[in-house]
Amino acid sequence: MSDLVNIPQHIAIVMDGNGRWASKRLLPHNAGHRAGAQNLRTLSEAVEKLGVAHLTVYALSTENWSRPEKEVQGLIKLMHEYFQQYIDDSKKNNMRMSFIGDISRFEPDLQQKIETLRTLTRNKTGLHVTLAINYGGRDELVRAARKLAQDAANGTVDPAHINEEALVRRLDGFPTPYPDLLIRTGGEKRISNFLLWQLAYAEMYFSDVLFPDFGVKDLQAALDWYGGRSRRFGGR
């Protein structure tokens, strides 16, 4: 990779195109998800070498449960497999793993792997990878509002003093900084209910490359594009 001056400290990725990648090769969709999961490991190593501090990826949305049962079960099986790999890897690398979304829908053994990963890596100081699973931006905001309402009912929050900070503190990823750059692969140009609050001032880069094929050179192109942006956050 070429030297970059303006490195985003937090990159978010919508990993789109796994299914189309598989269909083009006459393979089942889950073969595409497996290829995407492997590519995520490769990209994680690449962004860590660049000095990026945080990487958040959309792995399973609240809407994905409506997909065919065989595909959903394949995704769950893939999470079991790769979470175990990340648990094994935690003994030798410095990557921190976090999760956002409502994990209560998953079976207890998968929830246990998630908690194990969180515990084993919480003090790691390398790249902070956050996986969004059973995640939806609207659902996150509703759950945060529910927490606020409960705290107000308990008397620990004065409704008259509820502000943005009060809500932000109840979002799933707090206190992780907001993404500087969103990358969406696969050609679509929308955020699909991902990090609705956190992406308010993110730069958004859309690539036609399907995620399993989105390699280091494609990442470099996204970062070169980001390096040319002038971020004013509403100012001049």
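Analyst: Contact here means heavy atoms within 4.5 Å. The model is a predicted one.

User: Which residues is asparagine 134 in contact with, leaving aside its neighbours within four places in sequence?

Analyst: Asparagine 134 sits in strand E4, residues 128-135. Neighbours within four places in sequence are left aside. The contacts are then Leu60, Ser61, Thr62, Trp65, Gly101, Asp102, Arg105 and Phe106.

User: Is asparagine 134 buried or exposed?

Analyst: Buried means under 20% relative accessible area. Asparagine 134 has 6%, so this residue is buried.

User: Which side chain makes a polar contact with the side chain of asparagine 134?

Analyst: The backbone oxygen of aspartate 102 lies 2.6 Å from a polar side-chain atom of asparagine 134. That atom of aspartate 102 belongs to the backbone. The side-chain partner, at 2.8 Å, is tryptophan 65.

User: Which element supplies the largest share of the lining of the largest pocket?

Analyst: The largest pocket has a volume of about 770 Å³. Its lining counts 31 residues, with Met15, Asn18, Tyr58, Ala59 and Asn64 nearest the centre. H1, H2, E2 and H3 each supply at least two lining residues. The largest share, seven residues, comes from H3.

User: And for the second largest pocket, which strand gives the largest share of the lining?

Analyst: The second largest pocket has a volume of about 260 Å³. Of its 21 lining residues, Ile100, Asp172, Gly173, Phe174 and Thr176 are closest to the centre. E3 and E4 each supply at least two. The largest share, four residues, comes from E3.

User: How much space lies in the largest cavity?

Analyst: The structure holds one cavity of 30 Å³ or more. Its lining includes Tyr86, Asp89 and Thr121. The space in the largest cavity is about 40 Å³.

Note on methods
Residues numbered from 1 in each chain as written. Predicted model: local features only at pLDDT ≥ 70, side-chain atom pairs only at ≥ 80, totals over all residues. Heavy atoms only, no water. Buried < 20%, exposed > 50% of the residue type's maximum accessible area, 1.4 Å probe, protein only. Polar contact = N/O pair within 3.5 Å; in protein donor to acceptor, adjacent residues only side chain to side chain. 1 Å grid on protein atoms, 1.4 Å probe; cavity = no way out; pocket = protein on both sides within 12 Å on 5 of 7 lines; lining within 4 Å. Points joined across faces, edges and corners; volume = space filled by probe spheres on them.
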